[in-house]
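Some notes on the fold follow, for use alongside the model.

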Amino acid sequence: MMKKYLTHIFCTPEVHELPQAYTSEIASLLDGVKSNHSFYGQGVIGENIIGDKKDTFQSRYRKLSMNDCFELCQRIRKTRKDIDEHPDSFVVILTHKENDLKWFSATDGRNIYINVKDLELYSGNQTRYPIAFQILENIFQSICGIIYKENEIDERIHKKSLQCINDLCRQKSKIISKLKTASICIQCKDLARDNGISNEELEIFDTMLDSIKTPAIIKIKDGEENKKVLVIDQSGQLQINEHSVKIDPLPFSFYVFFLQKNSAVNLLDLKKYVNEIALIYQKLKHKGEVRYKLSNPNIEKIRQKITSSREFIKNPEFSKIVSSINAVLESSIQPDLLNAFQLQSDGSSNYFIPIDKSLVKIDENFLLNK
Ligand SMILES: [Zn+2]
């Protein structure tokens, strides 16, 4: 008889305005394959749970300690008889609140802490996939006895990447690539068996991991040359290979602008296009509509991004725009095709998007010089 695992997923109030739907969505993603695991989306934790840690949550600067995080999980158990009756079950807290070690996630063996803020930053609108992955990673580590110890990283965590669920990810950008490729390496399978996990259970883990890998959504098949791979519709929705991709309106307005340029544009020349980019921005914010006469605040917002520094190449405002666009794309497009879609510079201050423009269709509502 295979052991059954129950996992209850909670979040803290700042994470989502619809906490029940949010946690249920993650739970149902993890429940998507038949397994000996059951997941429950439990919504937000109440003030009674946060209790004396309220000040820490309200402060921008104070951080939780790792033990604070696990303490919150323990409090949940005490107030929920149905969970407390099964002491083996896992309690997960998803939060935006950083911990003092700046770890993304950790487990003490039963309780799991996951900082979802950074994951959201690096995975755009597909954030439930990496979160589900982190939950599974921590459950696996719990079962293998790899648990949090103060100021110490377990020696069984791979410091050098083996494309394994137990790789240590210090760099945030590496996390997403881990999420796309990771499985369980031979070494870690041995470790799991030593901890009483059967081959059958390991197979289930593999299947579950496969089912929640961040999807690489761009797959251009042969014989589809005439297909438009990148489409921006009348209301300003971006579709890449028929999958919706969401970039915030401000960076997106620059992206829409550069998509229409057949050659690189120097940041110094970008000043000439402030009004046009501001108009695109306004339409993107209002689902394609122009709600009011092009207003100064809009134009000012765009202008600040491109003229905040005399030395354009070092312009930190524009660099932020570029990295926020590219981070969303990185989470949505398979690595070998990514290059064509990203906003790039030639090493000086000329910027361009390499994609073949015949693959792009932009609704006339967002065309320049209209
Ligand atoms: Zn491994």
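1. Two residues are taken to be in contact if their C-beta atoms, placed from the backbone, lie within 7 Å. The model is a predicted one. Helix H4 (residues 66–79) lies across strand S1 (5–11), strand S3 (90–95), S4 and S5, and runs at about 125° to S3.

2. The sheet is open and has five strands in the order S2-S1-S3-S5-S4, with mixed pairing. Strand S2 (37–44) and strand S4 (105–107) are at the edges; each has a single partner strand, so one side of each is left without a neighbour in the sheet. On average, neighbouring strands of this sheet are turned by 15° against each other, direction ignored.

3. Strand S5 (residues 111–115) pairs with S4 in the antiparallel sense, over three bridges. Serine 105 has isoleucine 114 in S5 as its bridge partner.

4. Helix H1 (residues 19–30) packs against helix H7 (residues 128–143) at an angle of about 65°, and their axes are 10 Å apart. Angles of 65 to 115 degrees count as roughly perpendicular, and H1 and H7 are therefore roughly perpendicular to each other. The crossing of H1 past H7 is right-handed. On the H1 side the contact is made by Glu25, Ile26, Leu29 and Leu30; on the H7 side, by Arg128, Ile131, Ala132, Ile135 and Leu136.

5. Helix H15 (residues 316–332) has 17 residues, so at 1.5 Å a residue it should span 24 Å; its end C-alpha atoms are 25 Å apart, which agrees. The buried residues of H15 are Phe318, Ile321 and Ile325, together with Ala327, Val328, Leu329, Glu330, Ser331 and Ser332.

Notes. Residues are numbered from 1 along each chain as its sequence is written. This is a predicted model: local features need pLDDT of at least 70, side-chain atom pairs count only at pLDDT 80 or more; totals for chains, interfaces and linings use all residues. Helices (H or I, at least four residues) and strands (E, at least two) are DSSP runs, numbered from the N terminus. The expected span of a helix is 1.5 Å times one less than its number of residues. A residue is buried if 20 or more other C-beta atoms lie within 10 Å of its own, exposed if 12 or fewer, and partly exposed in between; C-beta atoms are placed from the backbone. Two strands pair if DSSP finds at least two bridges between them. Axes are lines fitted to C-alpha atoms, for helices over the stretch in contact, and angles run from 0 to 180 degrees between N-to-C directions. Angles under 35 degrees count as roughly parallel, over 145 as roughly antiparallel, 65 to 115 as roughly perpendicular and the rest as oblique. A crossing is left-handed if the near helix is turned anticlockwise from the far one by less than a right angle, and right-handed if clockwise.
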